[in-house]
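Subject: Structure handover and notes

Dear colleague,

I am passing on the structure below, together with notes on what was found in it. Please read the notes with the coordinates open beside them.

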Amino acid sequence: FGWASIPSPPGQGPRLRNWSARHLPAAGAVSFVGEGMEAHPNAAAILDGFKLNWMNMADAHSGEVLYTEDAWDNLLVERDAHIPARILKCKAVSRELNFSSRELLESLKLVQRVLLEGKCMEEWFFDFGFVIPNSTNTWQQTIEAAPSSQMLPASLLNGNVVIETSFLEGDLLVCTARTRIWYDQ
C-alpha cells in the first residue's frame, strides 16, 4: 500500500514495525491522556505548552514542496488534508515539522499509524529526543516509498486513509492527532 521508513540519522529516526496495541490507544480513537480517566498532569502541561507550527512534505529527490500546512491550532480535532495525488509517485518524501514547546522534554517521540478504512496498514516510529524548554524546533524525516507494484491508487485511498500521529514524551502519551487524507488530482 504505501511507505517504508528509512533511518535518519543512522541509529535513530523512522523504523517500520508491527503494531502493538499495548503502546497506544486503539485505532480510531482521538485521545488525550485524561479522556475517560484522570489526566496525567505531565501530559496536560506538555500538551498545553506544545504547538505544531507548520508541516511540509516535498519530493525528497527534487526538493519540490508538494504540501504545506500551517493551521494546527488543535491537535485533538480530526482534520482533513488535501495532498496532490502525485506525491504517491515520489520515490521518497521529505517531511518537515516545525514545533514549539514550553516544557522540557527528555525524549520526544512520534508514532504514526496509517489506517485504511480503520485498519492499521503501516506504523512508523520517529525519535526526536531532547527538547529545550521554550524552544522552537524543526524536525525532518525522509520516508521511502514502497515499490510501485505495492502502491494502491489515489482513487482507492482518497478519504479512506487516516494518519494517526501520537506524540509521546518517553512512554507517556501526550495526545493523538488524526488527519484524513484526500488526494487531489
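In which strand is Phe130 found? Phe130 is found in strand E8, where helices (H or I, at least four residues) and strands (E, at least two) are DSSP runs numbered from the N terminus.

Before going further, a word on the source. This is a predicted model, in which local features need pLDDT of at least 70 and side-chain atom pairs count only at pLDDT 80 or more, while totals for chains, interfaces and linings use all residues. Residues are numbered from 1 along each chain as its sequence is written, and side-chain values use heavy atoms, with hydrogens and water left out.

The chain as a whole

The chain contains two helices and 11 strands, and from the N terminus on these elements follow the order β-β-α-β-β-β-β-β-β-β-α-β-β. Of the 185 residues in the chain, 50% are buried, where buried means under 20% relative accessible area, exposed means over 50%, and partly exposed lies in between (1.4 Å probe, protein chains only). Among contacts (heavy atoms within 4.5 Å) between residues at least 6 apart in sequence, 70% join residues at least 24 apart. The accessible surface comes to about 9,500 Å², with 52% of this belonging to carbon and sulfur atoms; accessible areas come from the Shrake-Rupley method with a 1.4 Å probe, and for residues only the protein chains shown count as cover.

Phe130 is partly exposed, because its relative accessible area is 44%. Together with Leu104 and Ile132, Phe130 makes a nonpolar surface patch of about 290 Å². Patches are made of residues with over 30% relative accessible area and no salt bridge, like charges being joined within 9 Å and nonpolar side chains (Val, Leu, Ile, Met, Phe, Trp, Tyr) within 5 Å. Pro133 has its place in the loop between strand E8 (119-131) and strand E9 (135-145), and counts as partly exposed because its relative accessibility is 31%. Leaving aside neighbours within four places in sequence, Pro133 is in contact with Ser101, Arg102, Glu103 and Leu104. Pro133 and Leu104 are 29 residues apart in sequence, yet their C-alpha atoms are 4.2 Å apart in space.

Salt bridges

The structure holds six salt bridges, each defined as a side-chain nitrogen of Lys or Arg within 4 Å of a carboxyl oxygen of Asp or Glu. One of them joins Glu78 and Arg180, with the closest N and O atoms 3.2 Å apart. This pair links distant parts of the chain, since Glu78 is in the loop between strand E4 (65-69) and strand E5 (79-84) and Arg180 is in strand E11 (residues 172-184), 102 residues apart. Glu78 is partly exposed at 32% relative accessible area, and Arg180 is partly exposed at 24%.

Glu164 and Arg113 also meet in a salt bridge, at 2.3 Å from N to O. This pair again links distant parts of the chain, with Glu164 in strand E10 (residues 161-169) and Arg113 in strand E7 (residues 105-116), 51 residues apart. Glu164 counts as buried because its relative accessibility is 2%, and Arg113 is buried with a relative accessible area of 2%.

The side chains of Glu164 and Arg178 form a salt bridge as well (3.1 Å, N to O). Glu164 lies in strand E10 and Arg178 in strand E11, so this pair ties together parts 14 residues apart in sequence. Salt bridges that share partners join Glu78, Arg113, Glu164, Arg178 and Arg180 into one network.
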